[in-house]
Amino acid sequence: MSQSLLPNIHNFMANIDPFDKLPASVVQEVVSKVKITYLAKGEEIHFNSDTQERFLYVIRTGAVEQRMQDGSLRARLGEEDQFGFTFLDVLAESENGYRAVALTDSLLYMIPHSVLKHFFDEHPEYAEFFDPRAQSRLNSALYHAMPNGKGPYYRKVSTIASENIAIVDKTVSIKAVAKLMQDEMRSSCAVIKDGDDIVGVITDRDMTTRVVAQGIDTQNPITEVMTTNPQLIDGDATVLEAIAMMMQFNIRCLPVVYGQTVIGLITTTHLVHNHQTQALFLIEKIKYSNSIQSLQHLKDERYAIFHSLIESHVNSNIVTSVMSMIMDAFNRRIIQLAEGKLGAAPCDYSWMVAGTHARNEVHLLSVQDSGLIIDDAASSADMAYFTHLAMIVCNGMNTCGYPLGDGRYIAATPKWCQTVSGWKAHYQNWVNRPDDYKEINNNVFLEVRSLHGNSDLVGELQQHLHQCTADNSGFIPSLVKDATATQPPLGIFNNLVLEKSGDNSRTLDIKKHALNLIVDLARIYNLSAHGDFTGTEERFKYAFEHGLMEESTYKNAIGAYLFITQVRFNHQCEALKLDLIPDNHIEPDSFSSFERKHLKDAFKIIHELQETATLRFGAIKH
């Protein structure tokens, strides 16, 4: 190779992933060993077990299509893309006969495997960048995209819990406990024990509302006013889990324990002031807002928190969890305000959320998906109450920045405000008509979560769904057929799958062509394993634990989901910085080399997941 070409090759290689992450001296050495080959359109490179000299190929110009030995498409690649990773390891029998075909006249750089392996021996920490397994490369990409994955939300509560917590015997008087909390421990909470067992808690606020306001004799034992069966949190739990528990049970103080041993206390004030959990501060303000108008003034703080989380490189699953807690807080508070206006509910009911909200995967574009499930004993007058309740809550959520959505999958729509029997009829109808793909696909109520009221009603409904699917063997295959009808784009270059009309012409819809496909597959695996989980990650985990997925398939699915979600959030964050409206439509040219490379890995994984689901569940292959 002419030495005059080296500067041009070096400039190209040093600015693409993963070579831009290697030491400069290593890049220089690699470039010095590069070979160049030209492929005319239609020419092929074959990879076989008897291949003598192997290379990692980097596409400088042109386009290449990868085909497996059975002729199936593996990927389409363009400029900056690389292939030949598999052959850095032992050649898999299933890939013997794999080939790359030039779709256009193409110029390729060839890096001998011997050069890379020598480098790996000296610097094993960089080997993961060239791992033949897509899942390993994605995990590496996630680490480099989100280096602060051990931020405040991930910390164990035992490491941040305050030691200022009073521990008293159940025979102690109210006055003695109050004195201990105020004068000696300076604690907002006391734990009451019966021998070694924790039997209750009392907070300073409880002292005011249950003792002072009620005129209770302070010489009485603390058991008269304590909260029994208190919420406790294990010391190994994360700060995020503590926040979720506080929000779910509407508590401000959470004793931290190992078994029955109290080691400290977590409070909302403690978390807000000392551990950079701005989201909790917003949730606190939501909890004590006294009108929908005051809640409306808080809606823009969601954007600031989202922006802060993304800029801090927090893992995407933490981002969606935090944004879900915020949406939960708005929703619960509006329901409480509505009940305050209308009076107590006339019978048992549950406000359930569905879709993205139910999965705890809320993001900036999430709309409200909700339904009311009401006790079968409800009268017509009772149903009128719930209709009014639903209108207030849904309109209130819309006012607070959670749109009603085009499909109107909301409790204010009569179809989604039903008795238990009415909801069971819906589910029976969907399962008995498996060919009605459009209704099934658009129906977000295949995942629901109780947000307020009697959660047993939602549990009963989920059990009914499992029974219906067990009785109809055609339902799961019909979902698979629908979930595999859309294919992920197997390349990110000129012939990428793009929106071809409308305002988003020539953009990639990362929701439609990637995220939705993973979510749909997770739902199928969860239903097949009779799981009641709603989150995408936990659904795949449950399916793996129950033998429906291989470990490698499970890890691939999670890695692809997290990475694509992170790319989506980065795109939305950039829109916020430019004062644009966030969306799911990304210009292909805006992808960095890093994103482009690893998105292709993720898309291959989705394609393989679709193939696996088709084989396992017997759907028609598209």
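Which helix is Thr565 found in? Thr565 sits in helix H21, residues 551-577. Helices here are DSSP runs of H or I with at least four residues, strands are runs of E with at least two, and both are numbered from the N terminus.

Some ground rules. This is a predicted model, where local features need pLDDT of at least 70, side-chain atom pairs count only at pLDDT 80 or more, and totals for chains, interfaces and linings use all residues. Residues are numbered from 1 along each chain as its sequence is written, and side-chain values use heavy atoms, with hydrogens and water left out.

Back to Thr565. Is Thr565 buried or exposed? Thr565 counts as buried, because its relative accessibility is 4%. Buried means under 20% relative accessible area, exposed means over 50%, and partly exposed is in between, with a 1.4 Å probe and protein chains only. What does Thr565 contact, leaving aside neighbours within four places in sequence? Ser316 and Leu515. A contact means heavy atoms within 4.5 Å.

Now the whole chain. The chain has 22 helices and 21 strands. There are 622 residues, and 54% of them count as buried. Take the contacts with a separation of 6 or more: 72% come from residues 24 or more positions apart.

Next, strand S8. S8 covers residues 106-112, and seven of its seven residues are buried, so the rest of the structure largely encloses it. Ser106, Leu108, Met110 and Pro112 point one way. Leu107, Tyr109 and Ile111 point the other way.

Which strands pair with S8? Strands pair if DSSP finds at least two bridges between them. Strand S1, residues 35-39, runs antiparallel to S8 and is joined to it by five bridges. Leu39 has Ser106 as its bridge partner in S8. Strand S3, residues 55-61, also pairs with S8 in the antiparallel sense, over six bridges. There, Val58 is partnered with Tyr109.

Helix H1 comes next. H1 spans residues 6-13, and Leu6, Ile9, Phe12 and Met13 are buried in it. These residues cover an arc of only 130 degrees around the axis, which puts them on the same side of H1. The arc is taken from the directions from the helix axis to the C-beta atoms. Pro7 and Asn11, on the other side, are exposed. What do the buried residues of H1 pack against? Helix H2 (24-32), S1, S3 and S8.

On to the cores. A nonpolar core is a set of buried Ala, Val, Leu, Ile, Met, Phe, Trp, Tyr and Cys residues joined through side-chain atoms within 4.5 Å. The largest has 69 residues, and Ile326 and Trp351 have the most contacts inside it. Helix H12, residues 316-342, gives the most to this core: 13 residues. A second, separate core has 63 residues, including Leu446, Phe563, Val567 and Leu609.

Cys417 lies in strand S18, residues 417-419. Cys417 is 66 residues from Trp351 in sequence, and 9.5 Å from it in space, C-alpha to C-alpha.

Last, salt bridges. A salt bridge is a side-chain nitrogen of Lys or Arg within 4 Å of a carboxyl oxygen of Asp or Glu. How many salt bridges does that rule give? The count is 19. In one of them, Glu301 meets Lys285 at 2.7 Å, N to O. This pair links distant parts of the chain: Glu301 is in helix H11 (residues 301-311), Lys285 is in helix H9 (residues 278-287), and they are 16 residues apart. Glu301 is partly exposed at 26% relative accessibility, and Lys285 is partly exposed at 30%.

Compare Arg523 and Glu447. Their closest N and O atoms are 2.9 Å apart. Arg523 is buried at 13% relative accessibility, and Glu447 is buried at 2%. Salt bridges that share partners join Arg359, Glu361, Glu447, Asp520, Arg523 and Arg539 into one network.
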